[in-house]
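Trainee: Could you walk me through this one, a question at a time? I'd like to pick up the terms along the way.

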Amino acid sequence: MEPQPQRVVIAGGGSAGWMAAAAIARTMGRAVRLTLVESEAIGTVGVGEATIPQIHHFNRLLDLREGEFLAATKGTLKLGIEFDGWHRPGASYMHAFGTVGRGFGIAPFRHAFAWARARGMEAPFGAFCFNEVAARAGRYHPDAATSTIPPLVHAYHFDAGLYASLLRTKAEDMGVERVEGRIDEVAVRDGRVTSLRLQDGSEVAGDLFIDCSGFRSLLIGEALGVGFDDWSEWLPCDRAVAVPSAGGELRPYTQAIARQAGWQWRIPLQHRTGNGHVFSSRHMSEDEATATLLDNLEGEALAEPRVIRFTTGRRAEPWRGNVVALGLAAGFMEPLESTSIHLVQSGIERLLQLFPDGSEDAARRSRFNDQSTREWEAIRDFLIAHYHLNAREGQAFWDERREAGAPESLTTRLAAFREAGIVVRDADELFTDEGWQQLLIGQGVTAERWHPAIDAMDGDELIAFLDTLARAYEARAKTLPRHEDYLDHVMKEAA
């Protein structure tokens, strides 16, 4: 007898729910029967509009062509994130994708940069990152690379609601059943969810449940009682006010602009700009935060501002029993480094790799939870460093963040970089050497020493090479099409 497909029930829609539905349907095929339960009456947070390059893997899994994707989601390209005023007012740096400079034998590029800066070179670190140079020039082309110029690496800005709609269409075409209804009760027996009972009295039974119910965390949090690890000691921002606006420059990068008690995001889409102000309610009222945001829009507000309340942290076990939590049900990271959608994606990929077979899943659960913990904590440390390393003296919020302690895992990283320019990270961490060094150098962390191999080089030749490299990146960027022109081209090609 042919085995019966596992009944997989996804509680909640939005980006997380429909990403899970589409990916599982494509990967597992007839091995599962997928049902997604959502209610039109329950809104989604829907502000996760910026991504990182790993989104390409997910779109390829679903055979989403770039032009089709950009047209459907009103998307734009993203070459990095600009951090304006984070080190000190008036200072700016970028966490750009792609490589920075070129290594010198066994010595990474940052060691040559540190050597040259100690000898008076004024060029910023970003001058040696082609992604940053092209981003600031507003240029892009997929074939920008030459024999001496590295390729541009990009992610996207897009409308999260439109992305969910696109994925819903893909998922339903692959046989996913959507059930409209509000979840009224979660039935649990022996530590496992057996069914979801809806407000209209109907019931949806399943073998595996995926909790995409957002901040409510109906299954993993309320029904199974999984605890929440609160990280507000290190990341105390607990509010965001968001509003879309008209117009604005179509920059191929996200902006994160430091404000008095937090920061503002600015994300350009084809049809609007996404804006938000993340702040600490201990240091600023919601009214003050809203006024700050509205005073700093580049165009007219298109809706009434809405306030989102949150606590940064994560569920201690994102997989317990037969429930796996994704998205906001699993935890919340403020969108400082555009990790929200990526954490959904990585959770889905991890689940697919460890997909249960209906037997005892203790080993799979343990592996899933351990990997999730390492991923979330590494991202947490990266975010904390932005605040901890600030030099914005005289503002209560920023003074508090600078003087507050940091997790030991972060202090170890900072000490190694300060002492010898060493980037401490595990091989499977999300943020690369380039990411960490752009953050640390951008926030004013200077390595006291560099690799001794740099001292063996001819100093005049090294300075000349660095100057040539920066000039080559700048010149090549000027030859590329404007970001807007590339968008028009790729969408027309896909039409």
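Mentor: Helices (H or I, at least four residues) and strands (E, at least two) are DSSP runs, numbered from the N terminus. This is a predicted model, where local features need pLDDT of at least 70 and side-chain atom pairs count only at pLDDT 80 or more, while totals for chains, interfaces and linings use all residues. Residues are numbered from 1 along each chain as its sequence is written, and side-chain values use heavy atoms, with hydrogens and water left out.

Trainee: How are H9 and H10 oriented to each other?

Mentor: H9 spans residues 340-353, and H10 covers residues 362-388. Their axes are 11 Å apart and the packing angle is about 160 degrees. Angles under 35 degrees count as roughly parallel, over 145 as roughly antiparallel, 65 to 115 as roughly perpendicular and the rest as oblique. H9 and H10 are therefore roughly antiparallel.

Trainee: How do the residues of the contact of H9 with H10 divide?

Mentor: Contact means heavy atoms within 4.5 Å. H9 brings His342, Leu343, Ser346, Gly347, Arg350 and Leu351, and H10 brings Phe368, Gln371, Ser372, Glu375, Trp376 and Ile379. By class (Ala, Val, Leu, Ile, Met, Phe, Trp, Tyr, Cys and Pro are nonpolar, Asp, Glu, Lys and Arg charged, the others, Gly among them, polar), they come to 5 nonpolar, 5 polar and 2 charged.

Trainee: And how are H12 and H13 oriented to each other?

Mentor: H12 is 408-420 and H13 is 433-442. Their axes come within 12 Å and cross at roughly 75 degrees. So H12 and H13 are roughly perpendicular.

Trainee: Which residues of H12 and H13 make the contact?

Mentor: The class count here is 6 nonpolar, 1 polar and 1 charged. From H13 come Trp436, Gln437, Leu440 and Ile441, and from H12 come Leu410, Arg413, Leu414 and Phe417.

Trainee: What about H5 and H15: how are they set to each other?

Mentor: H5 runs over residues 130-137 and H15 over 459-478, with their axes 9 Å apart. Phe130, Val133 and Ala134 of H5 meet Tyr473, Glu474, Arg476 and Ala477 of H15, and this contact holds 5 nonpolar, no polar and 2 charged residues. The angle is about 40 degrees. H5 and H15 are therefore oblique.

Trainee: Is helix H4 largely enclosed by the rest of the structure or largely open?

Mentor: Buried means under 20% relative accessible area, exposed over 50%, partly exposed in between (1.4 Å probe, protein chains only). The buried residues of H4 include Phe109, His111, Phe113 and Trp115, and what covers them includes H12, H13, H14 and H15. In H4, 8 of the 10 residues are buried, so the helix is largely enclosed.

Trainee: Is His483 buried or exposed?

Mentor: His483 is found in helix H16 (residues 483-494). It touches residues including Thr76, Tyr140, Leu250 and Pro252. With a relative accessible area of 0%, His483 is buried.

Trainee: Does Asp190 count as buried or exposed?

Mentor: Asp190 sits in the loop between strands S8 and S9. Its phi is near 55 degrees, a positive value in a residue other than glycine. Most residues other than glycine have a negative phi. At 74% relative accessibility, Asp190 counts as exposed.

Trainee: And Ser338, buried or exposed?

Mentor: Ser338 also has a positive phi, near 60 degrees. Its loop runs between strand S21 and helix H9. At 5% relative accessibility, Ser338 counts as buried.

How values were computed: Axes fitted to C-alpha atoms, helices over the stretch in contact; angles between N-to-C directions. Lists of a residue's contacts leave out its neighbours within four places in sequence.
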